[in-house]
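Q: Can you take a close look at one part of this model for me, the place where the two chains meet? I'd like the cut-offs spelled out as you go.

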Number of protein chains: 2
Amino acid sequence: MITDQIKERLSSIVGEENVIASQAGRLVYSYDATPNYQSMPDLVVAPRNIEEIAEIVNVCRYEKIPIIPRGSGTNLCAGTVPTEGGIVLLFKHMNKILEIDEENLTVTVQPGVITQDMIREVEKRGLFYPPDPSSMKISTIGGNINENSGGLRGLKYGVTADYVMALEAVLPNGDIIRTGGKLAKDVAGYNLTQLLVGSEGTLAIITEATLKLIPIPETKQTMLALYQNMDAAARSVSEIISSKIIPATLEFLDQPTLKAVEDFAKIGLPTDVEAVLLIEQDGPHEIVERDMKKMADICTKEGAVSVKIAETEVEALALTEARRSALSALARLKPTTILEDATVPRSEIANMVKAINEIAEKHNVTICTFGHAGDGNLHPTCPTDVRDKEEMKRVDAAFADIFAKAIELGGTITGEHGVGMMKAPFLEWKLGTEGILIMRAIKQSFDPHNIMNPGKIFAKETRKRLVVSR
Amino acid sequence: MITDQIKERLSSIVGEENVIASQAGRLVYSYDATPNYQSMPDLVVAPRNIEEIAEIVNVCRYEKIPIIPRGSGTNLCAGTVPTEGGIVLLFKHMNKILEIDEENLTVTVQPGVITQDMIREVEKRGLFYPPDPSSMKISTIGGNINENSGGLRGLKYGVTADYVMALEAVLPNGDIIRTGGKLAKDVAGYNLTQLLVGSEGTLAIITEATLKLIPIPETKQTMLALYQNMDAAARSVSEIISSKIIPATLEFLDQPTLKAVEDFAKIGLPTDVEAVLLIEQDGPHEIVERDMKKMADICTKEGAVSVKIAETEVEALALTEARRSALSALARLKPTTILEDATVPRSEIANMVKAINEIAEKHNVTICTFGHAGDGNLHPTCPTDVRDKEEMKRVDAAFADIFAKAIELGGTITGEHGVGMMKAPFLEWKLGTEGILIMRAIKQSFDPHNIMNPGKIFAKETRKRLVVSR
C-alpha cells in the first residue's frame, strides 16, 4: 500500500509533475503488449536521473513497495505488468544518447532511448548496432537490455546481450554499481553485466549502458525463396549453414502468416505457397554477390519453386518491412493474438514446425508460424478470442504442448521474448528444479525483500508437464 | 583436515588409482604458472565422470573441504593454487570431444580437452573456434572457460565467453544443472552460462560445455609494421579501427620485448625499432587483400619506418609463433617473470604504454610491454628475482601504480588472466565496495560454506590505493 505520505515523499524526490496517481493515468500502465494480463500500479513515477532512482529505491525497500521498471511496454511476456501494485518506473526523462565513441566503437545511452533512434544516429557515423527487435521503432534500449531482445539479424550478429559492454545500475539496496567498461576483455570478477542483461528488471534498475558497435556492412541484398513444402525450406536452411554461409537474416513464414501479411502489406507476396524463406546477406559487395548466388542455387536445388533476389533497395525494404509486420498482420485476424517464442536448435526447425501443425490440429486451434529459421527461433501465433473460454483452454493446452516439444528437441521456452509472468509456470520445464533453485538464490541475494518486479520469472507453481501425444 | 576416513571415502568414489596423497604427488599441484604462489593441497583427485564429481562435492560440503578445480594450471593469477589445503580436482579422465555438430555449428566437450586439440579437430571439418590463449597448446577448455581466456584474435572474434552456449555443472550443494543449449537465442531466466564463465571455479564445477563454432575464414595474411615511436604505432591502431577495418589480430610489442623474442625465436625480427605492430586479417581473399593494403597504407602514413606483408604461410606462422612466445622469451631474462594484464579502452593504448614506462622509471624496475593493442589488453612484464626482496617491493609498487592508472583510463585490472589470488587485493579498485558486496552475495548464494576454490577473487583485505604520481 502506498500511503499519501509515501506519495508525498516520492513527489518530493522527482517533482510532482513526474508522479501519476490518477485512475486514468495508472490504467495506461496496467498492461503491456502481452494480451490477457492486466493489473493496476499504485503509482507511476518518472525520475530524472540516477540519484532520484536511488532515492526511490531507498523509499521502496523500507516500505516494501514493488518497483516495475518499464520502457515502452512492447514486451510479449507480461514482463512490465504489475502483479501486486507498486510503482511503475518510467524512463522518459532518461532518454539521451550520451556519447558515440568512434575510436572505441561504442555508444553510451540512457535506458529511455528509442532503439531505432539510436540505430539511425550511429548509422550516420558509418557504425552499426545489429540487434533489431521487431518493435524497435518504439521499444527502448533499456527494455531491450532487460529482456535481452533478439531480432532478425540474430543468426549472424547475435542478440542484445552480445552488444552490452558496460552497465550502470541501482541495486535493490540502493547501491549504485558500474559493470564492465569500453573493454573487449574484462575478467575482473563475475560477469554482472551479463547477469543483469535479460534479468527482466528483477535484479536491478539499469540506468545507463555502453553498447558495442561494429562498422556498418558495405551493402546488403535480399532474396525471397518460395516452397511448396516445408521440408524443402528446412533443408535449404540446413544446407546454407552447412555450406559455411552465415546470412544476416534467414526468416521463415508459413502460408497462413504469408496470407495475413500480404492482406496487410499488399506488396504482391505470393500466397499460394506453403512456405517462404526471406534471406538477407550483408557485407562487402563481392562477398554478398557470391553468397547470394550460392544461397539461391541451394534453395533451387532443395526444391524452391521460385527464388528471386530483390532488384532495388525499395523492393528489399518492402520485403523485410512485410516480415516485420507479421505480428501486426496476424493481430488483425481475431480479437486476441497469442504469439509464442519456442526455440529449437536450427537442425530441428522442420521437426518443430511439423509438431506445431500436429499440435494445432490435435487441439483444434489455428496456429500460424513464422520466425527466425536461421537461429531456430520460431513464433507460433494463435489468432483467437479471450472471451471464448472454451477455445482459450485449447489454445493454452496447445502452447503447453509446444513448449514441451521444444524442450524435447533440445530447445527452450523462450528465445527472445523473456519469461515474465507469461512463461513463468513453464520455466522449470527448461531449467529443472535445480536450475530454478539456484536462480531463486541469486534473486534472493540481490533482492531479499523481493521489491524488484515481483511475480516475474519465478512462478508460484510450475505447470504440470503432460506428455505430448502425437 | 582430510582424515583417513574421508580419504577412503573419496578413494571408494573415484578408485584408489585416482587419488594422489603422497608428498611428491601433491607438490606438483601446489603451484600453477603464476610465480610466487605455492601452497599444498591435502589430496589430488581425478574423477571419471559427473556422478563421481557430485559425490565428491557431497562429501566435501559436509566436511567443509575446499575443492580446487584445475585444468593444466597455465593460468597467471594463482587461480588454481590451494589456499587452505583441500582437494585439487583433475579432469584428465574427462577429456573427450563428445560431439561436433556441423548443422548447428557446435562442439560439445568435456573440460579436460586440450584447447589446441579441439581447435585442430574442428578445423578438419572446416570450422573455427577463435579463442586462442597463448597457452592453448597445453591449456584445457575447462580452464579457458573458468578463466574466460582471451587470446590474439579477441579484437575481431571476442573471448571464450562469446563461444560458450551451454554448460553442465555441479553446484556446491551437489545439484547438477544444465544451462543454455544449442541455441543462438535463449532467454529462459538468468544467464547462468555467462555467470559461470570466468567465475574461476568459485561457483561450480563445470563438467561439460557446448561451444559455438563459425565457418573457418578462407584465408589469412600477416603483416609487420615497424615504428621508431610509440605514438605512431598507437595512431595506426586508432586509424585502422576508425577506418572501419577490424583486423583478426593487432598485436603490439615494445623494443625490449622484441629483443627478447628475437633472442629466443631467432627469426630475424628487427630489434632496433621502438615498437612493432603484428597485424593479421582473415576472411574471403578479396577482402583480406583489400584490408591488408588499406592497413599497410595507414601504417605508412602514420609513420611506420617499414611495413612488410609476410609472403609465405611459413613466414606468417613464424611471426605469430614469435609473438606467442613473448612470455617464454621474457622469462629467460631473469629468474622471476611477473606478467600483468592491465587493460584499457583501445583509444588509451598510447597513454597507457607511456604511463607504464614512466611508472617503471619511477620505481626503477624493468618493464617490457606487449599485448593486444587492438583490444587494449596489454601485458606489462617485469623480469625480476623473487629473492631480491627490495626489488620485489618496487615491482609490487609499480604494478599497483599500473592497475590504478588502467582504472583511471577507464580500464580494468585484468583483461584475460583472471583475478585469482594475485589480483584479489585490487578488485575493489575496479568494482567499488558496492560491486564487491554484490559479487560476494552471489558467491554466498551458490556456496554458503565457501568450499569452492576459497581465497580466490575475494581478498581478505583490499590494497590501499595510492595516487599515481607522474
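A: Put together, chain B and chain A bury about 6,200 Å², with carbon and sulfur atoms giving 61% of that; buried area here is the accessible area (1.4 Å probe) that two parts lose on being put together, summed over both. On the chain B side, K185(B), V187(B) and Y190(B) lose the most area to chain A, together 17% of what that side buries. Bear in mind that this is a predicted model, where local features need pLDDT of at least 70 and side-chain atom pairs count only at pLDDT 80 or more, while totals for chains, interfaces and linings use all residues. Side-chain values use heavy atoms, with hydrogens and water left out, residues are numbered from 1 along each chain as its sequence is written, and chains are lettered from A and ligands numbered from 1 in the order in which they are written.

Counting contacts (heavy atoms within 4.5 Å), chain B brings 80 residues and chain A brings 80 residues. The rule finds 10 salt bridges across the interface, each a side-chain nitrogen of Lys or Arg within 4 Å of a carboxyl oxygen of Asp or Glu. One of them joins R290(A) to E286(B), with the closest N and O atoms 3.8 Å apart. As for elements (helices are DSSP runs of H or I, at least four residues, and strands are E runs, at least two, numbered from the N terminus), those giving two or more residues to chain B's side are β9, α7 (192-196), α8 (230-242), α10 (285-301) and α15 (427-446) of chain B. Of these, α15(B) gives the most, with 13 residues.
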